[in-house]
Amino acid sequence: MRNAEMFGTDPKGSRIKDYCIHCYQKGDFTYDITMDEMMRLNTSFAGKNHTKYYIAEMKLFFPHLKRWTKKVDTRNEHYKSILRVINYIKHNLNKKTDLKTLSEVACISPYYFHRIFKIVMGESQAEYTNRLRMEYVAEKLKTTNLSLMELAVKTGYSSAQALSRTFRKYFDLPPTVFKTIYFKETFQEELNPRIYRVNSKNIITSRDTSDIRSSWKKLYMYAMMNHLLSKDTESLEIIKNGSFYPALTTKEEVQTNRYVESLVLPESIYAIFTHKGDYSGLRSLFSAIRNYWLPESKYQKGPGECYIVYLNNPDIVEPQNLLTEIYIPLINR
């Protein structure tokens, strides 16, 4: 535009070169239109023989116009703001996440934040937060032994009853029934153990579980250097306080160091559960045994540690064909 009379105007009526008078007057756009809509509108004025040419030219030229580059930049900033809020919610499920707090995290006014969040996520921030909390609780019910009160604290509820009411409203089931149905339906075949008396085992186990792969490597290195490996060596993991500790059986008790501990798994009656498939299902199966099978059985957990025995090698066996056994020491009720 070379003619100043074609320039748009700012709120004071002064001419500005960024927009034309047809699009921008008194500091605002004369009408709201997307870039695609503008392309279609302009194409309607082109002759049929020139349509493809005009479209190609507009696709090259329009994205650089300030009108739409500003909208793209604004949209990207909105996405970044919402992403900050999502990360905040995920890491603060135990805290109050009201509209004011979240809008401050997003650096957007509460009114606009509420609208933008729903447009981007398809649900309000309250619905999103509630869904994350319920999904977290459901996952912990499946894989841990945490009580409802402990879960209430972790998800920002004042009491176990308050959490239970919200959970029931969301899933149409109280937490205890949800947990029972999940275990029963998911592990129906695997919750049929063999009950056997198992001889005592001498083992060496890693003292550290911060990096499970590193712990296994250190344990095998120690066993190799001390000539403890044989064709009868079993690979185990001892289950203590929710953590899994790599272990290897040995023919006798051995001297240990600050990385490796020597233990004896006592002779006992054990319930032996077989799991076929990827190792990712082991924690859930162990939770099902402890929280569903054991309370329903005629036994209770006996003295000694629960442990896992790996029956084949994940380096040469497909994940779906891996075989694992979980040993639970038992005594009669």
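# Reading the pocket, salt bridges and cysteines

Author: The largest pocket here has a volume of about 750 Å³. Before going on: this is a predicted model, where local features need pLDDT of at least 70 and side-chain atom pairs count only at pLDDT 80 or more, while totals for chains, interfaces and linings use all residues. Residues are numbered from 1 along each chain as its sequence is written, and side-chain values use heavy atoms, with hydrogens and water left out.

Reader: What counts as a pocket, and what is its volume?

Author: Take a 1 Å grid over the protein atoms alone: a pocket is an open set of points with protein on both sides within 12 Å along at least five of seven lines, and a cavity is a set where a 1.4 Å probe fits but cannot get out. Points are joined across faces, edges and corners, and the volume is the space filled by probe spheres set on them. Lining residues have an atom within 4 Å of a point.

Reader: Which residues line the largest pocket, and which lie nearest its centre?

Author: There are 18 lining residues, with Trp-216, Glu-237, Tyr-279, Tyr-310 and Pro-314 nearest the centre. Two or more residues each come from helix 10 (212-225), strand 7 (235-240) and helix 11 (282-296). Helix 10 gives the largest share, five residues. Helices (H or I, at least four residues) and strands (E, at least two) are DSSP runs, numbered from the N terminus.

Reader: Now salt bridges. How many are there?

Author: Side chains of opposite charge can pair when their charged atoms come close. The cut-off is a side-chain nitrogen of Lys or Arg within 4 Å of a carboxyl oxygen of Asp or Glu. This structure holds eight. One of them joins Lys-100 to Glu-104, with the closest N and O atoms 2.7 Å apart. Those two are separated by about one helical turn because they sit four residues apart in helix 4 (residues 99-106).

Reader: Are Lys-100 and Glu-104 buried, partly exposed or exposed?

Author: Buried means under 20% relative accessible area, exposed over 50%, and partly exposed in between (1.4 Å probe, protein chains only). Lys-100 is exposed at 55%, and Glu-104 is partly exposed at 49%.

Reader: Which parts of the chain does the Lys-201 and Glu-234 pair link?

Author: That salt bridge has an N to O distance of 2.8 Å. It links distant parts of the chain: Lys-201 is in strand 6 (residues 201-206) and Glu-234 is in the loop between helix 10 and strand 7, 33 residues apart. Lys-201 is buried at 15%, whereas Glu-234 is partly exposed at 26%. There's also a network of salt bridges linking Glu-123, Arg-131 and Glu-135.

Reader: How many disulfides does a search of the whole structure find?

Author: A disulfide is a covalent bond between the sulfur atoms of two cysteines. The test used is a pair of cysteine sulfur atoms within 2.5 Å, and the search finds zero. As for accessibility, Cys-107 is exposed at 67%, while Cys-306 is buried at 5%.
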